[in-house]
Amino acid sequence: MKRSRIPVTLAVLALVAALLLPDNVPVSAQQNVIKIATQSPLSGGQSTLGVGIKDGAQLCIDQQAARIVTGFRVQLVPFDDQAKPDVGVANAKNLVTDPDILLVVGHLNSGVAIPSSEVYNDNNLAMISPANTNPLITDRGYRVVTRVVGRDDVQGQVGAEFAGKDLKVKSVYIVHDKTAYGQGVAEFFRDNAPKNGIQVLGFEGTEEKANFDPILTPIGARNPGMIYFGGIYDQAGVFFKQARAKGIKALFMGPDGMDSTDLPKIAGQAIVGMHYTTVAGPPAFYPGAAKFIADFKAKYKRDPEPFSAQAYDSCWIGLTALANAIKAAGGKKPTRLQVTNAVRNIKGFKGLTATYSFDAKGDPDPAVYFVIQIVSSDPAKWGQNKLIKTLRIKPPAAKK
Amino acid sequence: MEWDILIRIFPQVLVDGVTLGFVYALIALGYTMVYGVLEMINFAHSEIFVMGAFVGAEVLLIMQASGALGSIPALPLLVIVLAAGMAAAGGLAVAVERVAYRPLRGAPRLVPLISAIGVSFFLQDAIRLTESLWRNAFFLTYPTIAFFDERIRLVATVDISVKSLTLIAVSILMLVGLSLFVGRTKLGKAIRAVAEDQATAGLMGINVNGMISLTFLIGGMMGGAAGALFGVQYGTINPYTGFIPGIKAFTAAVLGGIGNIPGAMLGGVVLGLLESFAASYMSLLSGGAFGAEYKDIFAFSMLILILIFRPRGLLGEVVREKL
Amino acid sequence: MRNSSAAIPTIRAVLRRPPVAMVLASVYILGTGALVAGTPRSLPFFLLFIGSLLLLYYLQLPAWFKAVGMGVTLALLMPFFGTRNGFYMEVATQVGIFVALALGLNIVVGLAGLLDLGYVAFYAVGAYTWAIFGSGQLLKSWPQLSGIFPLGGGSPTGTAWFFVFLLVAVAVAAITGLLLGLPVLRLRGDYLAIVTLGFGEMIRVLANNLDHPLNFTNGPIGITPIARPPIGPIQWALGALGIEATPAQIYPVYFYFIVLLVVGIVITVTNRFKNSHIGRAWEAIREDEPAAIAMGVPLVRMKLLAFAAGASFAGAMGVLFSAKQFFINPESFTFLESIGVLTMIILGGMGSIPGAILGATGVTILNLQILKQFSLTLNDWKNAGVTILGYNLANLPPQLEPAKYERMVFGVILVLMMIFRPQGIIPSRRRKMEFEEAALEKEEFAAEVVDTVEPKAE
């Protein structure tokens, strides 16, 4: 038995070595390369948005890097966090060992961003988030964490106010997806509902992805004026579709997790007319983004998703910060700490989607919130959703 | 406690539970048949079920892309989807048996069980791989077939969608057909003989391997039909969809009496009802403290209780182990 | 060991001579060590370095040399490399954790023959025990508890309660093991498997949902920050030696050594169990339960002991895991994890301690490093537009990435191992003999059947 094992083991080792070869070359620190990593779900149910983030960042690097960052080549290193905290953290631990990575653009899911940012914080690696809305992301006061979008506590407030004052809703049943994001934003909506004249008939969470009949039956029997789903489109779409199929007539509403061209694909007619709040809209909403949309379509052969423009801006801010840090370091490669500080020092940065300045926690000041109404069940028409309201709200001060 | 709501939704929850129950019943058939013949839990059956769902989805999606979807009336469409799902799932089941279980026949109990787990995991990712390459997405949504989404009002507070009715009808047809096959035909008798005593059946001139393959084929076809119907009924599927329904269906098979075909049907419906009632009523009854998220725990607890207090199930026969 | 017919000793015989073997082993260890030191980010060299442990195991060497060799490799060289490339420390620590888990499951499945598919539940129980008490979790609902022991996340330099809770978690996990064992005592193999699977899932769902009405686990959001073991003394010691190091630099190496220590204890305990009457009772139960009963083996007590023992290892490692990660949530404790640990002992060899260690090391490195490296390399090739057989890799969909297919890898390993080598790579000697006997019996029976029955009924 031992005799036949040796050649087999050697063969396996040789194969493994071959496939792992590129990293054999001493790449301890490539002198003139700076890498920006992205972490977002590139596979799985939310990959539409995750890939959009990666592509937005890539387009930014293609268009802006050579212009802004002199003396260094900038590369994108995409990572797939699969919307799972464990994977995000494992990726984070891996990417911090690459000394060329000086910035991370990510994540999509707050539940992944929070633990991963612990790793970034330990290593002074700056993270700019194009999409994370949970307040805890910045409330921890980590210097490395910055975001370009608003927060769920404000978003829940905006949603409740709109439902109560504008839609004159009197009762709501809240369902969430039992993730950090979904449950978080649902709780904020619930907390703000009573002061806007809305009675909360129920608050329930579910991990179910396919069969919502048992949950929908009691909801239908209570006859709420509105159903609020705190979660993401891949689950919400099925939920709303089955709700309408069961004859539930309530209004539907959701947070920015609804914002994806996959929602009409899954839910069809059921979501037409519903509203959602968001911290980012389809790129078509931004006057400065017209060229971005055209360029994106030319390169990737499809329309940009929500958050793609935000990813572009995050990356753009990152590149500017890198350039500032390089200058401050006298033309040499900056340390991660220097990049982190440079990001926070950005003031009045004119991006595609807004002009950005950050407060002491890393929240954008002010942050923009939209209330949007869905007009069509055709995914291609997602950009034509009606913008009902735009609000610019200062981020809340740190609670501690 | 809102009694009026509790009472009002009762019939609807009942209907939903029966629908769900028949899905479980169809899947449970695959488990119970294989267990009856080989005394082994075919862990991979949940992926065979999902395979049926995926093939059905692909057929519909391809038809939709080529524009043919509108031109075929609903019922023949359903037959096509079912047939495709059943064929694919049945074929997969036979292949799995040939590759992963037959070499292990006669090995200690643990061995084919672990192999089955391995096959289950392999298939989950194999389906994901295939779909990723083919379609660059593996969370698939079934295109809607308008006819099936219509709802029929049964009584004042209860309505049922056409697809639920279809599901129940098709399930009953298949179950009856299967019972007749196993109980009345010669092949069925051969299968029962192999389930009873493999060696003797072989001595009687029965092609044991062939009968085992046939069992897997039939069980797989049932699972595939369940998959296609599941997809039409609930809309979205992914390669990991099969895991939880698979466990629940096995629970149903045990509940009804493992190895027993009417038992699987009964067990499935009972479990579907239990789960539906648990999900709908838990939050109402507990004042919001416990909600629908505990329905899976409920199902597993049922399993444990059944196995402790009535290990032979509702319709199963007592098996005395000779010491 | 001389081959009497050969006058010239074969290479193998030469290698067997202890002095030659010792030189070979030393050269190998130092050589691969130098390679890793020179190129800290090179994966193949790291794997070769780890292979030195295997080499030490297989070569015939005096026991003292093996001990010294392993000690140098694990306690000196590995941490040194860890300071050069933090990821290696992470991998090594993870490997250590999984080695302990594999050894724990080995007791339940390998020795006692109880197929437990929900082993991760005990891991979760241990992890959450420390997470709940070693963080500010309970303060959310009961702020009046503040000030009592580590509640509140502890200071950045850690708290000694960590070590206390290592033992507490062992107890809690063991009790959980008993609770699981009690209802399933009478169940047969396959039913037992499903029930334990259900139990594992139940624990996960409970962890995900025990945030209302009383918030124990904080649900899907998870618990963070979690307190760590104290580094005060270490910082002081390093300061005395004149070495400056931040907590972020100390902790990875610190955890590694704690894990190494706990793994050592686990190995010793397992060995003791295995070679005692308890271990033999377990193996008797595994082989033939009715015979074991007839022989007077106290079935209930032994089965419960197996569950409790296996669970306690997982509980201890859970505490380490949650402290190391600084954050836990229910998603770390899925069925996939349970199957992962099962795959480790199946691959390595059920019932065998070196087998479990090999399996755990192999599978963990496969997952953490090899698959990820494949992904990264594939990504590099995609970026560079490499074409294979005319197909431009840049067109490969992003959904396709080797790192995500660990289920497939587990599945293939399980099936192939069951078909071709069910006793594992390093089987325990008893099992090896069993399988050889069984194979012999099968052949004889097959030969008989063919003679007496017509060919149609196989």
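Reader: Which residue forms a salt bridge with Arg302(A)?

Author: Start with the general idea. Side chains of opposite charge can pair when their charged atoms come close. The rule for a salt bridge is a side-chain nitrogen of Lys or Arg within 4 Å of a carboxyl oxygen of Asp or Glu. Here Arg302(A) pairs with Asp55(A), and their closest N and O atoms are 2.9 Å apart. The two residues lie 247 residues apart, in distant parts of the chain. Asp55(A) is in helix α2, while Arg302(A) sits in the loop between α11 and α12 (308–328) of chain A. Helices (H or I, at least four residues) and strands (E, at least two) are DSSP runs, numbered from the N terminus.

Reader: How many salt bridges are there over all chains?

Author: The count is 35. Keep the ground rules in mind: this is a predicted model, where local features need pLDDT of at least 70 and side-chain atom pairs count only at pLDDT 80 or more, while totals for chains, interfaces and linings use all residues. Residues are numbered from 1 along each chain as its sequence is written, chains are lettered from A and ligands numbered from 1 in the order in which they are written, and side-chain values use heavy atoms, leaving out hydrogens and water.

Reader: At what angle do helices α2 and α11 of chain A pack?

Author: First, how the angle is set. Axes are lines fitted to C-alpha atoms, for helices over the stretch in contact, and angles run from 0 to 180 degrees between N-to-C directions. Now the case. α2 (residues 47–68) and α11 (residues 290–300) of chain A pack at about 100°, with axes 11 Å apart. That makes α2(A) roughly perpendicular to α11(A). The classes are roughly parallel (under 35 degrees), roughly antiparallel (over 145), roughly perpendicular (65 to 115) and oblique (the rest).

Reader: Which residues of α2(A) and α11(A) meet?

Author: Contact means heavy atoms within 4.5 Å. Among the residues from α2(A) are Asp55(A), Leu59(A) and Gln63(A). The α11(A) side includes Phe292(A), Phe296(A) and Tyr300(A). By class, four are nonpolar, four polar and five charged. Nonpolar covers Ala, Val, Leu, Ile, Met, Phe, Trp, Tyr, Cys and Pro; charged covers Asp, Glu, Lys and Arg; the others, Gly among them, are polar.

Reader: At what angle do α11 and α13 of chain C cross?

Author: Roughly 105°, with the axes of α11 (residues 277–287) and α13 (residues 299–325) of chain C coming within 10 Å. α11(C) and α13(C) are therefore roughly perpendicular to each other. Trp282(C) and Ile285(C) are among the residues on the α11(C) side, and Met302(C) and Leu305(C) among those on the α13(C) side. This contact has nine nonpolar residues, no polar and one charged.

Reader: What is the area buried between chain C and chain B?

Author: The size of an interface is often given as the accessible area lost when the parts come together. The value is summed over both parts, with a 1.4 Å probe. For chain C and chain B, that area is about 4900 Å², and carbon and sulfur atoms give 74% of it. Tyr191(C), Ile194(C) and Arg407(C) supply 14% of what chain C buries there, more than any other three residues. In contacts, 50 residues of chain C touch 57 of chain B.

Reader: What is the area buried between chain A and chain B?

Author: About 2200 Å², with 54% from carbon and sulfur atoms. Pro214(A), Ala221(A) and Arg222(A) supply 21% of the area that chain A buries, more than any other three residues. Two salt bridges are counted. One of them joins Glu208(A) and Lys295(B), at 2.7 Å, N to O.

Terms used: Buried area = accessible area lost by both parts, 1.4 Å probe.
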